[in-house]
Amino acid sequence: MQIQKTIIDDFKTDRKDILPPLPLTGRLVPILFYASVFAAIVLSAIFALQLKISKGRIESLRQELSETQKRAADTKSERAALEERILRANEVEAWVEGSRPLQPLIIAITRSIQEGSSIQDMRLTRREDTPEQLHLSISIGTDSIAQLDRVLDAVHGQGYREISPQQTVNRSQIDYQATLVRQSANGPTPETEPQPEEQGKS
Amino acid sequence: MNHKHISLIVVAVLAFLFIEATLWVRGKKEASAKAEQKVASEESHARQLLAIETANLNRLQASSKDLIAFLDAWQPHFEVINTPQSAEVNFTMRIKDGNLVSLSQRYERASLKAGSSIPSSLRAVVTFEDNFAGLLNWLGRLEADLPTVRTTGVRLGKGTRPGDLRMDLTVEQPLLKQ
């Protein structure tokens, strides 16, 4: 019996080696796959850990930054408040320096007047722009020129010195004018405690 | 293309995706590191500013210690009388209490340096005629009790009556900024 060739061929099963083999580079692909999977897992784990640590640090640094900025702002505002107080203190000091009592100076001058001499007129005025300086203008009725020296000694005794003095001596009168400035730089101190207002006092 | 080729492509794509995913995580980590560096730099800068501010404040506190003590000592004296009305009443009462003969009294509000802590004052211009001791003692008490009061002008001359003294006095009561 003769069997046709084509029919026999139809019963043949496919053979694996019929497919062409993969090229050499193609065989590397599975190796690359396993390597990449391993490397990806390891490296991703490391990077994720580093990312987590970094985010934690950022959070911590942001908190520190916020606290530091707050402290800097507080310090700045404290300094601004202090500067304002210093400015106020300077203005208060300037006022106080220009408000030294005049009564002791007046008394010292009047006590320096000897018998036979008299004060005809005396003016003590503060300059508006430099209130710590005094302008003294005095007319003394006297026969002795030494009387003026005694007055000036009394002025010096109160811690003042005269600048730009001008004097006119008539027959029995000395007219004297000068600007008085403090000799010592010590600031005044309040001698009394502040008292309440005397509004309700009868 | 047979199934081997398809398998290769699938495996290659998977490998590529794994690599891409790793690179993405690395990119995120690097971005985070850069952000950390930036925040650290800002924090360092803020610390430097704080150190400078603190040093400035300490220096200012040290240099102004005496001045601030001066202010603390004097401020209560300025705050005792802080309205023109109370200042005027205070002067009037003191003149009355002194039993002095006053020929005239005038009170006026004086403007000082605008914007300062002491922007204005109440100026009292008073003319007395009394005995020397009474007048000078009264002035001494006024200056001692109210050390912030500024005696801006005194003129002493003979009074109309024998033994009396005429005193033209100008004093200013500072009024603090409210």
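Me: Which way does H2(A) pass H2(B), left-handed or right-handed?
Reply: H2(A) passes H2(B) in a left-handed crossing, meaning the near helix is turned anticlockwise from the far one by less than a right angle (clockwise would be right-handed). Helices here are DSSP runs of H or I with at least four residues, strands are E runs of at least two, and both are numbered from the N terminus. This is a predicted model: local features need pLDDT of at least 70, side-chain atom pairs count only at 80 or more, and totals for chains, interfaces and linings use all residues. Residues are numbered from 1 along each chain as its sequence is written, with chains lettered from A and ligands numbered from 1 in the order written.

Me: At what angle do the axes of H2(A) and H2(B) cross?
Reply: Roughly 65°, and the axes come within 9 Å. Axes are lines fitted to C-alpha atoms, for helices over the stretch in contact, with angles from 0 to 180 degrees between N-to-C directions.

Me: Which residues make that contact?
Reply: Among them are A:Arg85, A:Ile86 and A:Val92 of H2(A), and B:Leu67, B:Trp74 and B:Phe78 of H2(B). Contact means C-beta atoms, placed from the backbone, within 7 Å.

Me: OK, whole chains now. How many residues of chain B are in contact with chain A?
Reply: 70 residues of chain B, against 69 of chain A. H1(B) gives the largest share of chain B's side, 32 residues.

Me: And strands: what does E3(B) pair with?
Reply: With strand E1 (residues 118-126) of chain A, antiparallel, over five bridges; pairing takes at least two DSSP bridges. B:Leu156 in E3(B) is the bridge partner of A:Met122.

Technical notes:
Contact = placed C-beta atoms within 7 Å.
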